[in-house]
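Please look at the sequence and the structure before reading on.

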Amino acid sequence: MKIFTLLFVTVFFVTVTSHAQVSLGIRGGYISTGLELSGSNFGPATKRINSWQAGFYTNVPLFKNGYLQPGISYIEKGAGLNYAVSHPLNLFTSGTTKLKLKYLELPVHLVYKVPVSFGKLLVGAGPYAAYCVSGDYSVSAYTENKLIQSGSKRVDFKASPNIFGTNMNLQRWDAGLNFVAGVELNCCLTLSAQYGYGMVDIDRAQDNDYKNRYWGISLGFFFDREDW
């Protein structure tokens with residue numbers, strides 16, 4: 001995985017320094033993120049949560065209407081966790097309710113653009129590698145079937161398991177594919193939609209697989225344009 005990440009960093013800097021028509025942009029926005037669970041062992045059900053991302057990317061002309069867009073993003077993935085455990089009267093219960101994982105992500109997208117009167121329409125896809133710089137999760141306590149207290153704990157990636165009340169043993173590395181579509185306006189503003197399909201099991205515990213999934217929308221801005 002370290003070799004994979006090094007490859008992405010190399011591609012990013014080579015494209016920035018080797019093309020005279022490279023343009024730089026920023027973008028950020030909303031994402032709906034979750035974890036896809038598969039496996040035979042008992043594990044918490046998951047639900048989507050609202051989150052965000054922001055980052056830089058470059059636009060490198062490769063051929064007519066074809067571009068390479070490597071970049072770096074800060075993105076907060078995760079999910080709501082639900083063991084479907086009831087909270088009966090006269091009994092104190094507690095559990096993890098929300099997981100947030102903060103990644104530095106290195107995507108490399110191959111994009112095709114179609115010129116239109118107001119700018120360019122685009123579609124693209126490409127791989128990404130990501131490293132979780134930190135993570136935290138919420139723990140809630142119930143009694144008399146009511147929430148009485150909640151707090152946050154930091155994920156200790158050296159511990160096993162490392163999420164309270166679960167057998168989850170999360171790792172820092174992730175990788176997968178991104179799919180993008182959007183529009184670049186003549187005023188240098190961009191609007192795009194993105195789907196992230198994680199392909200790495202981020203849970204090292206046996207029998208269960210947890211993979212990142214998210215979709216989002218982003219607003220961006222080009223500091224310059226390669227066709228100007």
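The points below treat the fold, the core, selected residues, the backbone, the cysteines and the cavities.

This is a predicted model, in which local features need pLDDT of at least 70, side-chain atom pairs count only at pLDDT 80 or more, and totals for chains, interfaces and linings use all residues. Residues are numbered from 1 along each chain as its sequence is written, and side-chain values use heavy atoms, with hydrogens and water left out.

**Overall fold**

- The protein chain has one helix and 10 strands; helices (H or I, at least four residues) and strands (E, at least two) are DSSP runs, numbered from the N terminus.
- Read from the N terminus, the order of elements is α-β-β-β-β-β-β-β-β-β-β.
- The protein chain has 228 residues, of which 46% count as buried. Buried means under 20% relative accessible area, exposed means over 50%, and partly exposed lies in between (1.4 Å probe, protein chains only).
- Among contacts (heavy atoms within 4.5 Å) in the protein chain between residues at least 6 apart in sequence, 69% join residues at least 24 apart.

**The largest nonpolar core**

- A nonpolar core is a set of buried Ala, Val, Leu, Ile, Met, Phe, Trp, Tyr and Cys residues joined through side-chain atoms within 4.5 Å.
- The largest such core has 21 residues, and those with the most contacts inside it are Leu99, Leu101, Tyr103, Ile163, Met168, Leu170 and Ile202.
- Two or more residues of this core come from each of strand E1 (23–39), strand E4 (66–82), strand E5 (93–116), strand E6 (119–143) and E10.
- E6 gives the largest share of this core, five residues.
- In soluble globular proteins, nonpolar side chains tend to be buried together.

**Residues of the core and a buried aspartate**

- Leu99 belongs to strand E5 and is buried, with a relative accessible area of 0%.
- Leu99 and Gly78 are 21 residues apart in sequence, and their C-alpha atoms are 5.2 Å apart in space.
- Not counting residues up to four places away in sequence, Leu99 touches several residues, including Leu35, Ile49, Gly78, Tyr137, Ile163, Met168 and Leu170.
- With the same exclusion of residues up to four places away in sequence, Leu101 touches, among others, Ile75, Cys132, Phe157, Leu170 and Ile202.
- Ile202 lies in the loop between E9 and E10 and is buried, with a relative accessible area of 0%.
- The C-alpha atoms of Ile202 and Trp173 are separated by 6.9 Å, although these residues are 29 residues apart along the chain.
- Leaving aside its neighbours within four places in sequence, Ile202 is in contact with residues including Leu35, Leu101, Tyr103, Leu170, Trp173 and Asp174.
- Asp174, found in strand E8, counts as buried at 0% relative accessibility.

**Backbone features**

- A cis peptide bond, with omega of about -5°, joins Ser160 and Pro161. Pro161 lies in the loop between strand E7 (146–154) and E8.
- Asn65 is not a glycine, yet its phi is positive, at about 70°. Asn65 is placed in the loop between strand E3 (49–63) and E4.
- Cys188 also has a positive phi, near 80°, and is a residue other than glycine. Cys188 is located in the loop between E8 and E9.

**Cysteines**

- A disulfide is a pair of cysteine sulfur atoms within 2.5 Å, and by this rule the count comes to zero disulfides.
- Cys188 is buried, with a relative accessible area of 5%, and Cys132 is buried, with a relative accessible area of 0%.

**Cavities**

- On a 1 Å grid over the protein atoms alone, a cavity is a set of points where a 1.4 Å probe fits but cannot get out, and lining residues have an atom within 4 Å of a point. Grid points are joined across faces, edges and corners, and a volume is the space filled by probe spheres set on the points.
- The structure holds three cavities of 30 Å³ or more, and the largest cavity has a volume of about 120 Å³.
- The lining of the largest cavity has 16 residues, of which Arg27, Tyr57, Gln69, Leu122 and Ser192 lie nearest its centre.
- Strand E8 (173–185), strand E9 (189–198) and strand E10 (208–222) each supply at least two residues of this lining.

Technical notes:
1 Å grid on protein atoms, 1.4 Å probe; cavity = no way out; pocket = protein on both sides within 12 Å on 5 of 7 lines; lining within 4 Å.
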